[in-house]
Amino acid sequence: MNDYEKLSEVFRQIADARKHFEKELYVLLVLFEMFKIGKDSKILDAACGTGDVARLVHDRGYHKVFLSDGAKSMLSMVDKAEKWYEDIAEKRWEEIGDLFPRWGKFDFVYFLGNSVAHSPLSVLEEVFGSVYEGLNGGGVLVFDVRRWKKSSDGGLVDGGREPGIWRLLQKVYYDNEKYLLFDKVSYKGGEQRVEYIFFPESSSCNSFCETLSYHIFSWEDAVDVLEKVGFPSDSIKVLEIQEWPYLVVTARKM
Ligand SMILES: C[S@@+](CC[C@H](N)C(=O)[O-])C[C@H]1O[C@@H](n2cnc3c(N)ncnc32)[C@H](O)[C@@H]1O
């Protein structure tokens, strides 16, 4: 699994520079309005990462917020000074079904921020099947997908990202040292590997890197999976939402 061992420490710095948390909150507020999710609705952020987005949701008055994620390093960044969330669990999506007997059914379950690409569609089929069971009638599943482009040979590629090129993302602090953070992509067997390279400013530090992998699938394939696990096709929507770089897929249990 992508464990975000090193990236967890700089995730907030990257997110702040891109206003990522605020944009994701905006996406959620739009969806809450669309699907009539009220302040008393039960909400699960199933890829909560550092918990910042769930916190913003909570601070807007949605007080029944639960958090889960599979990466200990990301969960260690969640603000736990006061217990603002209902409950929190370290849980891989493959075992997400364990949460519902414990926490009950939900009105809204979301995996946002380009998260589900970390799993292949075969695994997501099981995960979304478990979430379907864990939703109340009328409950909504939400995730987002990358906008892969069709290549000339009919496959999908990341537009503009050629393998092997170092792209400067930004400066970050890691262990109180300043680094230039680059990324570099490669492709193998339906996956994009992204190597995040921490390049030190000081000559006394060494460079290091962490690699994350993203599965390449289209929104159409993701929709097929939702239909397979039981969501009625007319309950599934694919949305473009202002300033959010990914397509947002929603499915409602009838
Ligand atoms: C890009 S981060 C997004 C975090 C958060 N949703 C946000 O937008 O700030 C992706 C998250 O998905 C989690 N993740 C990836 N694969 C997972 C899996 N198989 N089970 C549980 N969590 C997983 C990672 O641990 C990480 O926290």
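Predicted model: local features only at pLDDT ≥ 70, side-chain atom pairs only at ≥ 80, totals over all residues.

**Entry 1: Ser130**

I began with Ser130, which counts as partly exposed because 19 other C-beta atoms lie within 10 Å. A residue needs 20 or more to be called buried, and I kept that cut-off beside me for the later entries.

Next I looked up where Ser130 sits, and found it in helix 6, residues 121-134. Leaving out residues up to four places away in sequence, I found that Ser130 touches Ile96 and Gly97. Ser130 and Ile96 are 34 residues apart along the chain, yet their C-alpha atoms are separated by 6.8 Å.

**Entry 2: Ile96**

I followed that contact over to Ile96. Is Ile96 buried or exposed? Ile96 counts as buried, because it has 24 C-beta neighbours inside 10 Å.

With residues up to four places away in sequence set aside, Ile96 touches Ala46, Lys91, Val127, Ser130 and Val131. I was pleased to meet Ser130 again in that list. I also checked Ile96 against Met254, 158 residues apart along the chain, and the C-alpha atoms of this pair are separated by 21 Å.

How many of the residues of strand 2 are buried? I noted five of five, so the strand is mostly covered. Both of its faces are covered: Val65, Leu67 and Asp69 are buried on one side, and Phe66 and Ser68 are buried on the other.

I looked up the pairing on each hand. Strand 1 and strand 2 run parallel and are joined by three bridges. Ile43 has Val65 of strand 2 as its bridge partner. Strand 2 and strand 3 (residues 87-90) also run parallel, with four bridges between them. Here Phe66 is partnered by Asp87 of strand 3.

**Entry 3: Val65 up close**

I stayed in strand 2 for a while, since Val65 is found there. Val65 is buried because 25 other C-beta atoms lie within 10 Å. Which residues does Val65 touch, not counting residues up to four places away in sequence? I wrote down Ile43, Asp45, Ala54, Val57, His58, Tyr85 and Glu86. I also compared Val65 with Lys42: they are 23 residues apart in sequence and 6.4 Å apart in space, C-alpha to C-alpha.

**Entry 4: helix 3**

Just after helix 3, Gly61 takes a positive phi of about 105 degrees.

Lys19 has a phi near 55 degrees and is not a glycine. Lys19 is in the loop between helix 1 and helix 2, and it is exposed because 12 other C-beta atoms lie within 10 Å. Glu243 has a positive phi of about 70 degrees, and it is not a glycine either. I placed Glu243 in the loop between strand 12 (236-239) and strand 13 (247-252). Glu243 counts as exposed because it has 9 C-beta neighbours inside 10 Å.

**Entry 5: around the ligand**

What comes nearest to the ligand among the 19 residues around it? I listed Gly49, Gly70, Ala71, Gly113 and His118. By class, the shell around the ligand has eight nonpolar, eight polar and three charged residues.

**Entry 6: the two domains**

Last, I stepped back to the whole chain. It is divided into domain 1 (7-147 + 217-252) and domain 2 (149-214). The centres of the two domains, taken over C-alpha atoms, are 25 Å apart. Ten residues of domain 1 are in contact with ten residues of domain 2. On the domain 1 side of this contact I noted five nonpolar, three polar and two charged residues.

Terms used. Residues numbered from 1 in each chain as written. Helix = DSSP H or I, 4+ residues; strand = E, 2+ residues; numbered from the N terminus. Domains from an automatic or database assignment. Contact = placed C-beta atoms within 7 Å. Nonpolar A, V, L, I, M, F, W, Y, C, P; charged D, E, K, R; others polar. Pairing = 2+ DSSP bridges. Near = placed C-beta within 6 Å.
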